[in-house]
Amino acid sequence: MSKRAELHFDGNVYELPVLEGTENEIALDISKLRAQSGLITLDVGFKNTGSTPSAITFLNGEKGELRYRGYSIEELADKASFLEVAYLLIYGELPTEDQLTKFDTGIRNHTLVHSDVLEIMRGFPASAHPMGVLSSLICSLSAFYPNSLDPYRPAEEVDLTITRLMAKLPTIAAWSYKNEMGHPVNYPDNNLDYCSNFLKMMFSLPTYEYEIDPVVADALNKLLILHADHEQNCSAATVRIVGSAHSSLYTVIAGGINSLWGPLHGGANQAVIEMLEMIAADGGDVDKYVLKAKDRDDPFRLMGFGHRVYRNFDPRARIIKKSCDDVLEKLGVDDPMLEIAKKLEQVALEDEYFVSRKLYPNVDFYSGIIYRALGIPKEMFTVMFALGRLPGWIAQWKEMREANQPIGRPRQLYTGYTLRPYVPIEERA
Ligand code: ACO
């Protein structure tokens, strides 16, 4: 028999269904509670609220486990290519060789971006943050592909939009960097794989032909996999909400990019490096900054530390930390920021404040140090995150759309004035 819970309120008893997930997580179904009792639930910041059932990503924050469609993040990061993982997330299964070739070829054939998009980009000043340029240009694609305005078009058309997004995001991401540098943009080279193509568009100059270093391309492949999905985080929730209004997939992804940009979410990778640079410039006194982070009257926080759902090591941080050592060694890079980061981690992990709050390094703590070693400037770190997260956003949107979920529309507990009469301007104090 299925489990039920009882709510006793105001002399009445309400029975609530209890749902169970495949990993034995349990949830109280309150969807009919208001109709039955007049009660809504209140949970600011959704700290204990599930917004959807989902079969995409499993995360156990207490144990520090992460799986995409049942496969552990450790195994995928070690053995898979980013496009395989993207296919897995979007379509539910690892691709066969034929499926992967078709997916890859489709993406290679759509990497070119309409030249009018470049004209739009030319309107942005060089001081524009690449994330702002990226989200604006991705949103503008809805104008170039008006069919996407109806997300309920036949499946082949939706697949074409997905292919276009996967193909064009790296091109536009590299262009957003060129805009910042004031350099001419590079066009994609469809002979290259996903990561190599992006690197070439980023770093080639009319005066310099960038040569792809397999160590760099492999490191990028791994980083993109680690960022590819993370269940109902801030940007995934944004994607589902925007998509629930039946907006175009391009505008949905632009919404995800904007949400990711904030320093409490994906923008933390840039903030971590800025923090480490600040500590280095201040003499490298790690203890001083740990004290500041603990001081309630000081707004300073240890960026790259803490997570809404992990109460243990973020498994992605473990993989990135190891990969950081490997990549720096292979590339012969000696980055003083790595030393400061390791010292900071060690001090924080032994400190009662961080231990009692279960604050551990998250995915962003070490990723910036690898990006620096790969030659990627810090303003581009969150763009790199967006590149990795794209298939996760698409998968979250597709799942919501295929389940025909209703428009996302939370309720509120109103705390403002009750009805009062309009006051003419001459009578106002
Ligand atoms: N440094 C110092 N103290 C912290 C930190 C930190 N980085 N993170 C949390 N705390 C403290 C809080 O002050 C609070 O202390 P209190 O109980 O004494 O009031 C307690 O730990 C709980 O923190 P909350 O802010 O309530 O936790 P929440 O789940 O709302 O926030 C968040 C999670 C936003 C990630 C937070 O830990 C943070 O700001 N971290 C730094 C930014 C960061 O690295 N973000 C990237 C997250 S990963 C990602 O999105 C890709």
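Modeller: In this predicted model, Leu-413 lies in the segment that follows helix 18 (381–402). Together with Leu-42 and Val-44, Leu-413 makes a nonpolar surface patch of about 350 Å². The relative accessibility of Leu-413 is 55%, so this residue counts as exposed.

The charged contacts form the second part of the account. Side chains of opposite charge can pair when their charged atoms come close. Across the whole structure, the search finds 22 salt bridges. One of them links Arg-67 to Glu-65, with 3.3 Å between the closest N and O atoms. Glu-65 has a relative accessible area of 26% and is therefore partly exposed.

A further salt bridge joins Asp-189 and Lys-200, whose closest N and O atoms are 3.5 Å apart. Asp-189 sits in the loop between helix 7 (155–181) and helix 8 (194–203), whereas Lys-200 belongs to helix 8, so the pair ties together parts that are eleven residues apart in sequence. Asp-189 counts as partly exposed because its relative accessibility is 22%.

Lys-200 also meets Glu-209 in a salt bridge, at 3.3 Å from N to O. Glu-209, with 54% relative accessibility, counts as exposed.

How values were computed
Residues are numbered from 1 along each chain as its sequence is written. This is a predicted model: local features need pLDDT of at least 70, side-chain atom pairs count only at pLDDT 80 or more; totals for chains, interfaces and linings use all residues. Side-chain values use heavy atoms; hydrogens and water are left out. A salt bridge is a side-chain nitrogen of Lys or Arg within 4 Å of a carboxyl oxygen of Asp or Glu. Buried means under 20% relative accessible area, exposed over 50%, partly exposed in between (1.4 Å probe, protein chains only). Helices (H or I, at least four residues) and strands (E, at least two) are DSSP runs, numbered from the N terminus. Patches are made of residues with over 30% relative accessible area and no salt bridge: like charges are joined within 9 Å, nonpolar side chains (Val, Leu, Ile, Met, Phe, Trp, Tyr) within 5 Å. Accessible areas come from the Shrake-Rupley method with a 1.4 Å probe; for residues, only the protein chains shown count as cover.
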